[in-house]
Amino acid sequence: MKTAVLALALGARVAADTCVGTVDVATDSDVMTMQVVRRSVPQCSRAFGRTQPQHYPSNDHGRTNLHLSRSNHSKTTDTFYYAGPVTVEDGVLSPGMLEEVISGSRNGGRAYLASSCEEEIYDPTTYAAFDLLDKTFTYTTDMSNADCGCNGALYLVSMAQNKEESECGDYYCDANSVCGVRCSEIDIQEGNKHSWHSTLHDAQDGAGAGAGYGGGGDEWNGPRDFTSEQYGPGGNTIDTTMPFQVSVSFPTDSSGQLSAMNMKLEQDGKSLEFGVDEYTYNGQSGFTELTASLSAGMTPTFSYWCSDDMLWMDGAGQDGLGPCPNAPEDGSKCGDTVSFYDFKITGE
């Protein structure tokens with residue numbers, strides 16, 4: 001396993017193993033071959049406060065705890081986390097995890113799609129910038145290795161427009177400032193074989209508006225758009241011990257503004273359909289910023305990580321209906337990888 005030098009300056013030139021392969025993205029008229037760019041810079045931990053949960057328009061719950069979105073920095077420490085592995089084989093993109101457990105977390109791989117890749121260099125002008133307004137993005141995922149406390153994610157961020165190198169040295173940005181830079185973020189999936197979250201975030205809204213199933217705290221519940229009988233190992237609609245197809249659509253209204261994020265999980269002719277059609281942040285529509293971000297083009301990003309503090313996503317919640325009543329003590333239940341493949345964009 002290659003390791004980066006701890007004293008490495010967080011600049012645009014980084015450790016090797018940046019370019020890890022290619023995947024195809026099919027469209028209505030073409031097939032785009034995209035480079036997979038791996039984050040290979042060690043990054044320092046970042047702690048986040050918790051003040052309120054995600055906003056779930058279809059659920060009535062208190063706002064007393066913050067959704068900590070996809071950060072493997074839930075512990076306050078000055079430890080540098082080495083970047084986890086990412087592999088591409090026969091068009092299957094698989095972020096993996098390092099074996100070492102630090103402060104209850106195992107660091108995982110993160111990767112981005114790009115038009116080109118040069119080893120040891122990150123260039124935001126090469127990051128994919130997909131305009132998905134009035135389009136559907138479809139792919140297949142396998143999360144059979146991801147148990148409670150594990151998070152396999154595919155999401156969109158405005159990296160192609162980001163001019164700040166970030167603390168991670170790769171121009172990464174998101175709505176929780178994981179690497180010190182905020183930008184719009186659309187979590188198509190954050191989940192494991194027990195839970196699933198799809199969440200919209202304006203750049204300053206780390207909590208966001210979400211849908212799906214799982215999670216919560218002592219005084220609030222995560223989304224409950226379906227149940228553990230429908231989604232999970234042996235589920236009667238989505239059996240997560242097997243791969244399944246994911247589709248996300250971003251319809252617009254008559255003025256051209258984003259009006260919803262519509263999700264569909266499908267397997268063997270059965271499906272779960274849910275989504276977010278209301279999003280207000282600071283008294284204004286959260287769709288306005290996301291319309292501009294999608295129109296400018298957003299970068300598909302893939303990650304896999306675990307934590308002993310993942311109950312916001314897969315915990316039982318106040319109602320006890322979430323899938324994972326107890327946080328795992330370490331990341332031992334997380335298999336080596338999750339996988340993503342068969343990427344398609346339709347509606348052009």
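This is a predicted model: local features need pLDDT of at least 70, side-chain atom pairs count only at pLDDT 80 or more; totals for chains, interfaces and linings use all residues.
**Cysteines, cores and a buried strand**

At 1% relative accessibility, C306 counts as buried.

The link is left-handed, with -105° about the S-S bond. It connects distant parts of the chain, as C150 belongs to strand 11 (residues 150-157) while C334 is in the loop between helix 2 (311-314) and strand 25 (339-346), 184 residues apart. Both C150 and C334 are buried.

A search of the whole structure turns up 5 disulfides. With the bonded cysteines numbered in sequence order, the pairing reads 1-2, 3-9, 4-10, 5-7, 6-8. One of the disulfides runs from C19 to C117, S to S 2.0 Å. Here too the link is left-handed, at -90° about the S-S bond. C19 lies in strand 1 (residues 19-26) and C117 in the loop between strand 9 (110-114) and strand 10 (136-142), so this pair ties together parts that are 98 residues apart in sequence. As for accessibility, C19 is partly exposed, with a relative accessible area of 23%, and C117 is also put at 23% and counts as partly exposed.

Another disulfide is formed by C173 and C183, whose sulfur atoms are 2.2 Å apart. The torsion about this S-S bond is about 85°, so the disulfide is right-handed. C173 and C183 both sit in the loop between strand 11 and strand 12 (185-191), 10 residues apart. Both are buried.

Turning to the packing, the largest nonpolar core holds 54 residues, and L113, W196 and L265 have the most contacts inside it. A second, separate core has 18 residues, including Y122, M159, Y171 and V181. Nonpolar side chains in soluble globular proteins do tend to be buried together.

With 6 of its 6 residues buried, strand 13 is largely enclosed by the rest of the structure. On one side, 5 bridges join strand 12 to strand 13 in an antiparallel arrangement, with E190 standing opposite H197. These two strands form a hairpin with 4 residues between them. Strand 13 is also joined by 5 bridges to strand 14 (residues 209-213), again antiparallel, and S198 stands opposite A211.

Strand 13 (196-201) also shows up around helix 1: the cover over the buried residues of that helix includes strand 11, strand 12, strand 13, strand 21 (270-276) and strand 23 (284-285). The buried residues of helix 1 (residues 287-296) are F287, L290, T291, S293 and L294. An α-helix has 3.6 residues a turn, so residues three or four places apart point the same way. Just past the end of helix 1, G297 takes a positive phi of about 105°.

Terms used
Residues are numbered from 1 along each chain as its sequence is written. Side-chain values use heavy atoms; hydrogens and water are left out. A nonpolar core is a set of buried Ala, Val, Leu, Ile, Met, Phe, Trp, Tyr and Cys residues joined through side-chain atoms within 4.5 Å. Buried means under 20% relative accessible area, exposed over 50%, partly exposed in between (1.4 Å probe, protein chains only). A disulfide is a pair of cysteine sulfur atoms within 2.5 Å. Contact means heavy atoms within 4.5 Å. Two strands pair if DSSP finds at least two bridges between them.
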